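Me: I would like to learn how to read a structure one feature at a time. Could you take me through it slowly, giving the general idea before the particular case?

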Number of protein chains: 2
Amino acid sequence: MNFHIAIDCVILAYEAPSQKLMVLVIKRDKEPFAGNWVLPGGFVKNTEPFQQTALRVLEKETGLNNAFLQQLHAYSLTDPSEENRIASVAYYSLVKLEDTAPLNQSQQARWVDLKNIPQLAFDHGQKVEDAISRIKKEIQHEPLVYHLLPEKFSLNNVQSFYESLFQKKLDNRNFRKQLKKLPYLEPLAEYEQDVSHRPAQLYRFNQEQYAIFHSL
Amino acid sequence: MNFHIAIDCVILAYEAPSQKLMVLVIKRDKEPFAGNWVLPGGFVKNTEPFQQTALRVLEKETGLNNAFLQQLHAYSLTDPSEENRIASVAYYSLVKLEDTAPLNQSQQARWVDLKNIPQLAFDHGQKVEDAISRIKKEIQHEPLVYHLLPEKFSLNNVQSFYESLFQKKLDNRNFRKQLKKLPYLEPLAEYEQDVSHRPAQLYRFNQEQYAIFHSL
DNA sequence: CCAAAAGTGTTGAAACTACACCCATGG
DNA sequence: CCATGGGTGTAGTTTCAACACTTTTGG
């Protein structure tokens with residue numbers, strides 16, 4: 001049995017001011033499902049590894065070539081009636097909104113709020129769900145947040161992100177205490193600007209410190 | 001680009017008396033790599049879902065049709081020079097040794113100790129490593145041990161398993177205290193037999209209690 | 001001086017670590 | 001009675017949860 005293998009990407013970003021977690025969708029221009037919203041994707045070409053196909057898709061849609069990207073799952077279904085069946089390997093990517101190129105208008109690409117996703121064609125709705133539930137697990141052990149937050153962020157940005165993801169309120173004092181214990185959160189001598197209240201101190205994720213901390 | 005998709009299975013079992021974690025390997029009878037040790041596997045047929053191919057492989061090798069089975073990862077490589085390229089989706093399975101059928105001798109199937117695996121062809125060595133590292137992660141949150149232990153087991157069986165997996169000694173009193181807190185470990189009025197020392201009390205994993213506990 | 005979000009400490013409860021001896025069985 | 005592994009409790013330390021007020025800034 002011969003397959004074509006499509007790579008679908010669940011590309012996620014977080015908009016700190018509005019506290020919205022968003023996924024990138026595009027309007028499909030081919031049949032089947034022309035005119036429907038789908039995840040960005042593409043077919044595996046020649047002998048390229050899956051990850052490379054995913055990187056191509058990611059770069060095409062966001063301009064990024066170094067974002068966090070992980071395999072999610074291989075899906076066999078798609079339409080089992082077709083002669084040359086299409087399997088699909090999904091990836092998920094976490095990107096900083098500030099680093100992305102403007103969206104491709106001809107494709108009608110859009111960031112949509114996770115709480116308000118349009119109907120997606122194929123099994124793409126399932127893939128988004130799977131990606132979120134994977135991230136909820138992984139984030140317990142891996143510092144995934146920092147891929148989504150801007151380079152410089154406040155401790156409350158981190159908290160707000162967790163609150164959006166898990167849809168529950170966290171205790172501000174206890175949350176900060178935990179973050180302050182992390183040796184890889186580097187406090188900067190910089191503060192939020194243009195806010196009409198006390199400006200928050202900014203922090204940065206320190207990759208080197210994390211590597212040391214993590215290897216213990 | 002057309003692919004054949006092979007499913008490879010990392011089938012793991014634990015032999016409680018010898019405290020060995022083992023993986024099932026078979027001697028390959030086709031070229032390339034005829035005569036080498038490989039993981040059991042097979043090609044995806046017609047329109048069957050990947051999981052079903054994996055179930056077929058698992059049943060063929062062990063006689064089991066209801067063991068724990070999860071997708072591990074999709075691997076693109078294999079030999080990129082081939083015209084019709086072979087991709088592979090690996091699964092891992094955890095089985096109770098007592099439930100498995102005798103091994104297929106014509107295939108020269110063998111349980112080999114993880115600490116002493118022969119050279120495996122293709123990227124199968126990598127797949128075994130990936131499976132183990134996945135299990136080490138998952139077992140922190142999921143009750144995977146109970147798929148590997150016999151139906152009735154002692155608390156020290158559980159401890160020994162963790163010690164083999166993580167290759168480090170654990171404190172017996174503290175470990176037992178933790179297990180005793182789990183509402184889904186059901187103590188039985190039964191004891192080890194034919195041992196020349198104080199026989200250990202046996203326990204059983206209670207699926208219903210776990211479902212309740214887990215949903216909280 | 002008002003509004004709005006940032007920032008800060010303490011206390012009681014629970015969980016975790018370290019650690020040494022007696023028990024039940026078979027031979 | 002010996003050897004072997006099964007089984008138990010306590011004390012000190014650390015982590016976690018709950019909780020309310022003051023600070024800084026812009027308007």
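**Reading the features**

Reply: A:Pro32 lies in the loop between β2 (20-27) and β3 (37-38) of chain A. Please keep in mind throughout that this is a predicted model.

Me: What is the peptide bond from A:Glu31 to A:Pro32, cis or trans?

Reply: The general idea is that most residues other than glycine have a negative phi, and most peptide bonds are trans. In this structure the bond that leads from A:Glu31 into A:Pro32 is cis, and its omega is near -10°. In chain B, the bond from B:Glu31 to B:Pro32 is cis, also with omega near -10°, and B:Pro32 is placed in the loop between β2 (20-27) and β3 (37-38) of chain B.

Me: Is the phi of A:Gln19 positive or negative, and what is its value?

Reply: The phi of A:Gln19 is near 55°, which is a positive value in a residue other than glycine. As for its place in the chain, A:Gln19 sits in the loop between β1 (3-15) and β2 of chain A.

Me: How should I read two helices that pack together, and at what angle do α4 and α5 of chain A cross?

Reply: Two packed helices are described by the angle between their axes together with the distance between those axes. In chain A, helix α4 (residues 155-166) and helix α5 (residues 172-181) have axes that cross at roughly 115° and come within 10 Å. The two helices α4(A) and α5(A) are therefore roughly perpendicular to each other, and their crossing is right-handed. On the side of α4(A), the contact is made by A:Leu155, A:Asn156, A:Val158, A:Gln159 and A:Tyr162, while α5(A) brings A:Asn172, A:Phe175, A:Arg176, A:Leu179 and A:Lys180.

Me: At what angle do helix α4 and helix α5 of chain B pack?

Reply: Helix α4 (residues 155-166) of chain B packs against helix α5 (residues 172-181) of chain B at an angle of about 115°, and their axes are 10 Å apart. That makes α4(B) roughly perpendicular to α5(B), and α4(B) passes α5(B) in a right-handed crossing. The residues in the contact of α4(B) with α5(B) divide into five nonpolar, three polar and two charged.

Me: How many salt bridges are there over all chains, and where could I look for one?

Reply: A salt bridge is counted when a side-chain nitrogen of Lys or Arg is within 4 Å of a carboxyl oxygen of Asp or Glu. By this rule there are 16 salt bridges over all chains. One of them joins the side chains of A:Arg204 and A:Glu186, at 3.1 Å from N to O. This pair links distant parts of the chain, with A:Arg204 in strand β9 (residues 201-205) of chain A and A:Glu186 in strand β8 (residues 185-191) of chain A, 18 residues apart.

Me: How many residues does each chain give to the contact between chain A and chain B?

Reply: The contact takes 26 residues from chain A and 26 residues from chain B. The area buried between the two chains is about 2200 Å², and carbon and sulfur atoms give 51% of that area. Between chain A and chain B the count is four salt bridges. The side chains of B:Glu142 and A:Lys137 also meet in a salt bridge, at 3.0 Å from N to O.

Key:
Residues numbered from 1 in each chain as written. Chains lettered and ligands numbered in written order. Predicted model: local features only at pLDDT ≥ 70, side-chain atom pairs only at ≥ 80, totals over all residues. Heavy atoms only, no water. Axes fitted to C-alpha atoms, helices over the stretch in contact; angles between N-to-C directions. Helix = DSSP H or I, 4+ residues; strand = E, 2+ residues; numbered from the N terminus. Parallel < 35°, antiparallel > 145°, perpendicular 65-115°, else oblique. Left-handed = near helix turned anticlockwise from the far one by under 90°. Nonpolar A, V, L, I, M, F, W, Y, C, P; charged D, E, K, R; others polar. Contact = heavy atoms within 4.5 Å. Buried area = accessible area lost by both parts, 1.4 Å probe.
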